[in-house]
Amino acid sequence: MVKSIFKLSPGVQSYDWGKKGSASLAAQFGKSSVEGFEVDEEKTYAELWMGTHPTLPSKLNDSTLLSDYIKSDNSLVGEKVIKKFEGSEQGNLPFLFKVLSIGTALSIQAHPDKKLARKLFDERPEVYKDPNHKPEMAIALSPFLAFLNFLPLPVLLLNLLVVPELQPIIPSDLVTKLGASLTLPTTPSPDPFLYQPIVTPPTDEQKAILKQIFNALMSADKDTFTAAIRSLVKRYKEGQDIHESERGLVDLTLMLNDQYPDDIGILCVFFLNVVEMKKGEAAFLEANSPHAYIKGDIIECMATSDNVVRAGLTPKLRDVPTLIEMLTYESGPGNKQLLKPITFGDKDDASKLYDPPIAEFSVIKVELSSGGKTSHRKIEGPSIAIITQGKGSVSLQDDKVDFSRGEVIFIGADHEVTWEATEDLEIFRAYVEAS
């Protein structure tokens, strides 16, 4: 008989940017949920993967692949999901669920949309390993810092005017063109008050100028940008001639240079929003949007893909031409990327829904005090839940699973479930529903 609710054994990824040993949440949760997993205190653990992606697929406790188990009984996925998402009848979930523990900054990157993902996969399958797009959502489990999309254009223009190290890299005619498009001065010693953030979207002309500016940065000659970064770092360390608009970026710039010395991505502090997220805050990142996670712990959910186009802050392959061409060149305040949760269900204060504007996934956060209980309506698709704090149980009909921090649960489609807490409980549940 096929079970509709059971524990999963996820996978743990070790990347250089992860946190070391037991400091990593990915390692802590892996020790709870992966049979035989032992934490090496000298190793960096970056990600816990929960899903059916072939790179690191989840398994049942008897080592059966989750995808094979789902394939054996499609009722676990549900008819509506099978009709909407290609490959789901073969046991492939349309989303990939993760926990990330970020010790050093990830690369300056973007993820392709479906059309570009197919093209990249067809042309370079050894680099871009699947044909799917990868919109993603990050929910902070701790204070979290990230680059999220381009700065409002007036702020970016001010940086180009007051940071002397950018002037050998960005042609002055582009700075002049950007200023003219914004009807802002590009003279020396600008008044910062004039360069306030704007929330109106950039025009097509401004996007074209921004593309040229970012291309000039990311395609700069190595000797030129290396000299610029070393001059910048020296100036910041000495604490001299720092414009007031730069002051909030000094510590981050020096930290990034310590992690990736002389890397062109360091200069992205003057081009991308630096966003600080509190625990529980979420950001949604559309395809073709530049970003980089800098430090902290997050829940991450995305369409099932591992496609990343990188251009800075990384020892991995950089594909600058593809990145420059794929970006949408939207810009605006960093909080524009944030996604506010709403109540899940009519009167359920214990469950909050993070619902991004894409079909592949949504995430519910459940918080219960010890002794508390809450129920979730039937969801017409499969879901995966991870317990990030506490102990408790989840039940449907006559089936009940007890769990504790770090364990991972699969729940099949079309079942109402009840959560109970024996200790203060925090759960994140990712699901797909083809409405």
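Fourteen residues of domain 1 are in contact with 11 residues of domain 2, and I would like to begin there, keeping in mind throughout that what we are looking at is a predicted model. To place those two names on the chain, the protein is divided into domain 1, covering 8-147, domain 2, covering 153-268 + 320-339, and domain 3, covering 342-431. The centres of domain 1 and domain 2, taken over C-alpha atoms, are separated by 33 Å.

Let me stay with that interface for a moment. The size of an interface is often given as the accessible area lost when the parts come together. Here domain 1 and domain 2 bury about 950 Å² between them, and 78% of that area is on carbon and sulfur atoms. On the domain 1 side, the residues that lose the most area to domain 2 are Ala105, Ile108 and Phe147, which together account for 46% of what that side buries.

What about polar and charged links between domain 1 and domain 2? Three residue pairs are in polar contact between these two domains, while the count of salt bridges between them is zero. If you follow the secondary structure, the elements giving two or more residues to the side of domain 1 that touches domain 2 are β7 (108-110), α4 (114-123) and β9 (144-150), and the largest share, three residues, comes from β7. Sorted by class, that side of domain 1 has nine nonpolar, four polar and one charged residues.

Next, please find Arg310, where UniProt, in an unreviewed entry, places the feature "active site". Arg310 is found in strand β13, residues 309-312. Which residues does Arg310 touch, not counting those up to four places away in sequence? They are Ser107, Ile108, Gln109, Lys316, Leu317, Arg318, Asp319 and Val320.

One of those residues, Asp319, brings me to the salt bridges. Side chains of opposite charge can pair when their charged atoms come close. The structure holds 18 salt bridges, and in one of them the side chains of Arg124 and Asp319 meet at 2.8 Å, N to O. Arg124 lies in the loop between α4 and β8 (136-140), whereas Asp319 lies in the loop between β13 and α10 (320-326), so this pair ties together parts that are 195 residues apart in sequence.

Finally, let us turn to Gly372, which is found in the loop between β17 (362-368) and β18 (373-376). Leaving aside its neighbours within four places in sequence, Gly372 is in contact with Trp419, Glu420 and Ala421. As for Asp251, which is 121 residues away from Gly372 along the chain, the C-alpha atoms of the two are separated by 43 Å.

Definitions and conventions: Residues numbered from 1 in each chain as written. Predicted model: local features only at pLDDT ≥ 70, side-chain atom pairs only at ≥ 80, totals over all residues. Heavy atoms only, no water. Domains from an automatic or database assignment. Contact = heavy atoms within 4.5 Å. Buried area = accessible area lost by both parts, 1.4 Å probe. Salt bridge = Lys/Arg side-chain N within 4 Å of Asp/Glu carboxyl O. Polar contact = N/O pair within 3.5 Å; in protein donor to acceptor, adjacent residues only side chain to side chain. Helix = DSSP H or I, 4+ residues; strand = E, 2+ residues; numbered from the N terminus. Nonpolar A, V, L, I, M, F, W, Y, C, P; charged D, E, K, R; others polar. UniProt positions renumbered as here; feature names shortened; annotations may be inferred.
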